[in-house]
Amino acid sequence: MMHLVDTVEVEPEHVQEYLDVVSNLAMAVMTDAGASFVSCATTSDEIGERVFVQVVWAFEDHVRWNEIRKNMVLDPRFHEYGAVASALRVGGTRRFFTLRTLTPSP
Amino acid sequence: MILRRFEVYAIRPDAPADQARDLETACRECGRFIPEVLDCAIGINRSDAPVQLVWEHAYASPEAYRRYMVHPYHAVVLDRYILPDAPQRIVVDGPLGAGLYGYGCDAPSYRMSEGWRRLVLLRLDKDSRQRDVERLHAALEQAPADAGEMVVSVMAANTMGAAWFDGVTPVMGPPRWSHIWEQGFPTRDALDSYRNGDSTLAEVERSGWEGFMDGIVNRSAELFYEIDPGPTETVRRG
């Protein structure tokens with residue numbers, strides 16, 4: 001299983017708007033394309049800093065991601081989502097993580 | 001069948017310069033990480049078309065292309081700068097339509113390790129007869145006989161524009177540019193000499209293809225750039 005982790009930086013006053021975009025656009029686009037929603041979390045908006053919004057999606061592997069990617073690119077809502085999200089964010093990263101099993105030493 | 005492919009990017013005007021360089025590097029060095037990527041080079045567009053970066057490359061077969069598509073470097077590194085929802089996206093949707101063009105061919109007659117590349121994107125009349133397209137194909141590929149400055153001339157249908165998923169099967173409608181005319185010149189002077197010269201095709205191009213072969217070419221656009229393959233060891237050849 002893999003996780004796609006988007007960590008997006010937004011101004012505090014735009015956090016709710018960005019979360020609405022995730023709820024209303026990204027959720028539909030990503031899940032219809034074949035990804036599973038895992039989590040959404042934010043840093044504090046009470047400390048005078050920009051807020052990081054971290055959204056995590058799951059899928060089997062890079063082969064499956066390639067199919068999800070195709071489905072997204074062919075979905076007009078994906079391009080709308082991209083345009084709206086880019087207008088709200090001021091920075092961020094995307095990383096792919098592979099889940100690892102930890103085996104504690106006896 | 002070899003798949004010849006071009007990705008063309010318009011960089012966001014406010015994109016950080018270091019990130020633009022990172023995208024150039026990611027494209028130029030792709031062959032180091034994905035062995036299926038052949039003849040990998042980049043170029044900075046010097047034509048008036050409002051796009052900046054061109055990434056030219058090839059695959060030995062559709063199967064090789066499909067391995068590229070599922071390689072982590074593609075999803076993790078290249079897409080980081082490109083996909084519409086990627087937080088580090090630095091490209092914008094280009095005025096030339098989707099910035100992916102390419103064609104299938106039997107031999108790498110496009111191959112040049114240095115020099116200047118010129119891409120002429122063509123939109124042929126959608127009702128063109130096959131024999132007229134073949135006549136145009138023959139005329140364009142014979143261009144070096146009339147224009148000695150040109151050392152590479154390949155004309156083909158832009159199949160990759162719609163078949164970008166597996167290299168063979170269209171997953172969307174016909175692309176805005178139906179055909180590609182890929183040219184090569186040893187130097188910028190040779191390129192300019194062709195563009196300003198008196199060969200038949202140079203004159204046809206300057207006239208906007210007006211009336212050429214019964215008006216088979218409806219529209220065209222050009223890109224040209226110096227080929228930058230990066231360090232020699234990163235260029236793989238089939």
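Visitor: Which residues touch the most other members in the largest nonpolar core?
Guide: This is a predicted model. In its largest nonpolar core, which has 60 residues, they are B:Val54, B:Tyr59, B:Leu121, B:Leu122, B:Ile180 and B:Leu223.

Visitor: And which strand gives the most to this core?
Guide: Strand β6 of chain B, residues 116–124. β6 supplies 6 residues.

Visitor: Why would nonpolar residues be buried together?
Guide: Nonpolar side chains tend to do that in soluble globular proteins.

Visitor: Back to B:Tyr59. What does B:Tyr59 touch?
Guide: Leaving out residues up to four places away in sequence, B:Tyr59 touches B:Ile2, B:Leu3, B:Glu36, B:Leu38, B:Ala64, B:Tyr65 and B:Tyr68.

Visitor: What about a second core?
Guide: A separate one has 21 residues. Among them are A:Val10, A:Ala26, A:Ala35 and A:Val55.

Visitor: New topic. How many residues are in contact between chains A and B?
Guide: 20 from chain A and 15 from chain B.

Visitor: Which elements of chain A each supply at least two residues there?
Guide: β1 (2–10), α2 (62–73), α3 (76–88) and β4 (89–98). By class, this side of chain A has 8 nonpolar, 8 polar and 4 charged residues.

Visitor: Now helix α3 of chain B. Which of its residues are buried?
Guide: Within residues 62–69, they are B:Tyr65, B:Tyr68 and B:Met69.

Visitor: Why are they on the same side of α3(B)?
Guide: Because they cover an arc of only 100 degrees around the axis. An α-helix has 3.6 residues a turn, so residues three or four places apart point the same way.

Visitor: What covers them?
Guide: The cover includes α2 of chain A. It also includes β1 (2–11), β3 (53–59) and α4 (72–78) of chain B.

Terms used:
Residues numbered from 1 in each chain as written. Chains lettered and ligands numbered in written order. Predicted model: local features only at pLDDT ≥ 70, side-chain atom pairs only at ≥ 80, totals over all residues. Core = buried A, V, L, I, M, F, W, Y, C linked by C-beta atoms within 7 Å. Buried ≥ 20, exposed ≤ 12 C-beta atoms within 10 Å, placed from the backbone. Helix = DSSP H or I, 4+ residues; strand = E, 2+ residues; numbered from the N terminus. Contact = placed C-beta atoms within 7 Å. Nonpolar A, V, L, I, M, F, W, Y, C, P; charged D, E, K, R; others polar. Arc of directions from axis to C-beta.
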